[in-house]
Amino acid sequence: MEASAGLVAGSHNRNELVVIHGHEEPKPLKDLSGQVCEICGDEIGLTVDGDLFVACNECGFPVCRPCYEYERREGSQLCPQCRTRYKRLKGSPRVEGDEDEEDVDDIEHEFNIDDEQNKNKNIAEAMLHGKMSYGRGPEDDENAQYPPVIAGVRSRPVSGEFPISSYAHGDQMLASSLHKRVHPYPVSEPGSARWDEKKEGAWKERMDDWKMQQGNLGPDQADDSADPDMAMVDEARQPFSRKVPIASSKINPYRMVIVARLFILAIFLRYRILNPVHDAIGLWLTSIICEIWFAFSWILDQFPKWFPIDRETYLDRLSLRYEREGEPNMLSPVDIFVSTVDPMKEPPLVTANTVLSILAMDYPVDKISCYISDDGASMLTFEALSETAEFARKWVPFCKKFQIEPRAPEMYFSSKMDYLKDKVQPTFVKERRAMKREYEEFKVRINALVAKAMKVPQEGWIMQDGTPWPGNNTKDHPGMIQVFLGQSGGLDADGNELPRLVYVSREKRPGFQHHKKAGAMNALVRVSGVLTNAPFMLNLDCDHYLNNSKAAREAMCFLMDPQIGRKVCYVQFPQRFDGIDRNDRYANRNTVFFDINMKGLDGIQGPVYVGTGCVFRRQALYGYEPPKGPKRPKMVSCDCCPCFGRRKKLQKYAKHGVKGDVANTQGFDDDKELLMSQMNFEKKFGQSAIFVTSTLMVEGGVPPSSSPAALLKEAIHVISCGYEDKTEWGSE
C-alpha cells in the first residue's frame with residue numbers, strides 16, 4: 001500500500017473505480033501462539049505416569065509444574081483461581097505447611113531416602129525440560145469450525161514484518177530466540193500485603209534468596225539462576241495492571257451518608273404510605289408511585305458508587321515482555337478512527353492537531369494506522385489533511401527526539417508551562433523555535449484553505465490535476481480513499497518511517513439510509529479490516545487529541561495482559577477538557593461522571609462506553625465470543641483419599657454396537673454446520689471474501705495473497721452505499 005499514489009474513488013454498484021498502480025509482495029509471518037500455562041505460557045506437560053499434570057485438584061486451573069513448584073516454594077501456595085492451598089503431588093519436595101496433610105504420597109515415600117546426586121539430576125532435567133518447552137504449544141485448531149473456503153488462512157500482519165527463511169526452521173528459531181525459561185512470581189490479590197511488599201522492593205530480596213537456594217540444584221540451574229537479567233524477565237511475567245481501592249478515609253464517610261439517607265428515605269416512605277389523603281386519594285396514590293420510583297432510581301444510582309476503584313498500569317512490564325532488545329516488536333497493531341463531517345463547524349486546524357497527536361504517539365510506527373472519515377466529502381478536509389501529512393514529517397521526529405508532551409502542537413505551544421523542564425539537549429531551544437515557526441506557517445496555510453473554501457465555485461471544486469472533485473455533491477458521490485502516509489512511502493525529515501494516514505469518504509447515494517456517525521464508524525471498521533486489520537481499534541472525535549502519548553500502551557496493559565487480556569472487551573479512557581475556567585462554574589469537565597460514576601462502575605464490572613476515547617477489541621465488535629482456554633480435565637474423587645482426584649476416563653465402547661452410526665451422524669451434522677456457517681458469514685458481514693476472511697483472523701493481519709491494488713479495490717467495495725443491504729450491519 002503506497003503512500004501519495006493518488007486518490008482512489010469509485011462506486012462498486014456502478015462499476016466505477018480508479019485503481020492505484022503499485023504492487024508489493026506480502027511478507028509472511030509465523031503465528032506465535034499456542035501457550036497453555038495461564039501463568040507463564042508453557043506447555044503444562046505430563047506427569048511421570050504419562051497423565052496430564054494437574055496442579056489444583058479443586059478447580060483444575062492449568063499451571064505447569066515449574067510454576068507450581070515455584071508457587072509452593074516461594075509464593076502464597078494458593079491456586080490463582082480458587083485460592084485453595086496447593087497439595088503436595090507425587091515427586092514434589094516438601095515445603096512448610098505439608099506436615100499437616102495426610103497425603104498418600106507422603107506415606108509411601110516418607111522413609112525413602114534417594115541418592116542426593118540423583119535427586120539433583122532429576123530436578124535439573126525437569127527444569128531443563130521446562131526451559132526447552134517454553135512457548136511451544138499445540139497447533140491452533142480454532143479454524144476447524146470455519147468453512148473450508150476461509151479456514152486455515154495464514155495471515156500476514158500489515159506492520160512489524162520480519163523475514164523468515166522457511167517455515168520449518170522458523171518455528172525453531174523463534175521458539176529458541178524469543179523465549180527463556182523463568183520462574184514467575186506468585187499471583188497475589190491486588191492491594192494485599194504481599195503485593196505492597198513487592199512494590200516497595202522486597203521482591204528483590206526474595207529473588208536473591210531464591211537464587212541462593214538454586215545453587216543446590218546442580219550446575220545447570222546455578223548458571224540459569226545467576227543470569228543477571230533474570231529479575232527483569234521475572235518482572236515481565238507479572239500482571240500489567242492492578243486495581244487500587246479508594247482509601248477508606250475517603251469512601252467511608254460517603255458510605256455513611258448513603259446509609260443515613262437510605263434510613264431517612266425508608267422512614268419518609270413509611271409515613272407517606274401509612275397516612276393516606278382520603279380527600280384526594282388519586283393524587284395521593286400518584287405521588288406515592290412517583291416517590292417510590294424516584295427512591296428506587298436513587299438506590300440504583302448509589303450502587304455503582306459503593307465500590308469505586310482506581311487502576312494502575314505497569315508499562316515497564318509490558319515493554320519487557322513484548323519489546324525485548326534484539327527481537328521483533330510483539331505489540332499488537334492499533335487502528336485509530338477519527339470522524340468529521342462539516343469543516344466549517346469542526347475547524348480543520350483542530351482535526352489536524354488530533355491527527356498529529358496520533359501520528360506522534362509513543363508506539364511502534366509500523367503498528368499504527370490512522371483513518372480519517374470525512375462524511376461530508378469536503379475538499380477542504382482533504383487538502384487540510386494533505387498539509388497535515390507534510391507537517392507531520394517534521395513534527396513527529398521533533399516530538400520523539402525531545403519527548404514532547406502533549407503532542408498536539410496547538411496545545412503544546414499555547415500552554416503556560418516550563419518547556420525547559422527535564423530538557424538536557426543543547427539544541428532543544430533552537431529546534432523548538434524553528435518548529436514553532438514551522439507550525440505557525442502551517443496554521444497560515446490551513447487558514448488560507450479555509451478562506452478559499454468560503455467561496456464555492458459554480459462549476460464545483462477542481463483538483464490540482466484538473467479533475468473535478470468527486471465530492472462536489474455531498475449527498476451523491478462515490479466512495480473515496482487516499483493513502484497519504486503508508487508502508488511504502490511517507491518518511492519523516494530524519495528518514496524514518498511514519499505511521500499510516502488514510503483518508504476515507506464513504507459512498508452516498510439518494511434513497512439509501514446512511515445512519516450518520518454510526519454508519520461512518522461501521523464503514524471505517526470494514527475499511528480498516530480490509531487494509532490493515534489490526535486486532536484493536538481506538539475511536540476519537542475530531543476535537544479529542546491525545547494528551548498522553550503512551551495512551552495506547554496503557555490500553556495494551558489490559559488488552560494484552562497474559563492472564564486477563566483475553567476477557568477484556570474494551571478500555572474506556574476518561575475525557576479532559578481545555579479552555580475551561582479554573583472554577584468550572586458550569587461543570588463542563590464532567591468530573592462527577594468520569595471521576596466518580598465511571599470509577600464506581602469499574603468497581604462492579606466495567607465502565608460504560610461514552611462514544612469516544614475507547615479502545616475496542618475487533619473480535620468483540622464482530623460479535624465473537626471470547627477465546628476459550630484449554631479444556632480442563634474433570635476431577636472425580638476416589639474412595640481412598642478425599643484430597644485428590646483423577647481424570648474421568650472416556651468410554652471406550654459404545655452401547656448396543658451403534659458407535660459407527662453415531663460417528664456418521666456426527667460427521668453429517670458437522671458438514672451441515674459448516675455449510676450453514678458459510679451462509680451466515682455473508683449474511684452477517686456482507687459479500688466481501690477478503691473482509692469475511694479478515695474477521696476470522698484473531699491476531700489481525702491481511703490475507704498474504706492480496707496485492708495493495710486489490711485491497712484498495714475491495715476497500716471501495718465495503719464502503720459502497722449498498723453494501724449493508726440484506727446484512728446485519730446497522731441492525732446489530
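A residue counts as partly exposed when its relative accessible area lies between the under 20% of buried residues and the over 50% of exposed ones. By that rule R445, with a relative accessible area of 32%, is partly exposed. The structure is a predicted model.

**Annotated binding site**

- An unreviewed UniProt entry gives the annotation "binding site" to K517 and D541. These positions are spread over 25 residues of sequence, yet they cluster in space, with a largest C-alpha distance of 10.4 Å.
- K517 belongs to helix α16 (residues 516-531), and D541 belongs to strand β9 (residues 536-541).
- K517 has a relative accessible area of 38% and is partly exposed, whereas D541, at 19% relative accessibility, is buried. The cut-off for buried is under 20%.
- Leaving aside residues up to four places away in sequence, K517 touches S339, D541 and G611.
- With the sequence neighbours up to four places away again left out, D541 is in contact with V338, S339, T354, K517 and T612.

**Annotated transmembrane regions**

- The unreviewed UniProt entry lists residues 251-269 and 281-300 under "transmembrane region".
- Residues 251-269 are 100% helix and 0% strand in the model, and their end C-alpha atoms are 27 Å apart.
- Residues 281-300 are likewise 100% helix and 0% strand, with 29 Å between the end C-alpha atoms.

**Helix α1**

- Helix α1 (residues 65-74) is largely enclosed by the rest of the structure, because eight of its 10 residues are buried.

**Salt bridges**

- There are 24 salt bridges in the structure.
- K550 and D362 form one of them, at 2.4 Å from N to O. This pair joins distant parts of the chain, 188 residues apart: K550 is in the loop between β9 and α17 (551-559), and D362 is in the loop between α12 (348-359) and β6 (368-374).
- R553 also forms a salt bridge with D362, with the closest N and O atoms 3.8 Å apart. R553 sits in helix α17, 191 residues from D362.
- K550 is partly exposed at 31% relative accessible area, while R553 is buried at 10%.
- A network of salt bridges links E323, D362, K550 and R553.
- E387 and R445 meet in a salt bridge of 3.0 Å, N to O. E387 lies in helix α13 (residues 379-402) and R445 in helix α15 (residues 428-453), 58 residues apart.
- E387 is partly exposed, at 24% relative accessibility, and R445 is partly exposed at 32%.

Definitions and conventions
Residues numbered from 1 in each chain as written. Predicted model: local features only at pLDDT ≥ 70, side-chain atom pairs only at ≥ 80, totals over all residues. Heavy atoms only, no water. UniProt positions renumbered as here; feature names shortened; annotations may be inferred. Helix = DSSP H or I, 4+ residues; strand = E, 2+ residues; numbered from the N terminus. Buried < 20%, exposed > 50% of the residue type's maximum accessible area, 1.4 Å probe, protein only. Contact = heavy atoms within 4.5 Å. Salt bridge = Lys/Arg side-chain N within 4 Å of Asp/Glu carboxyl O.
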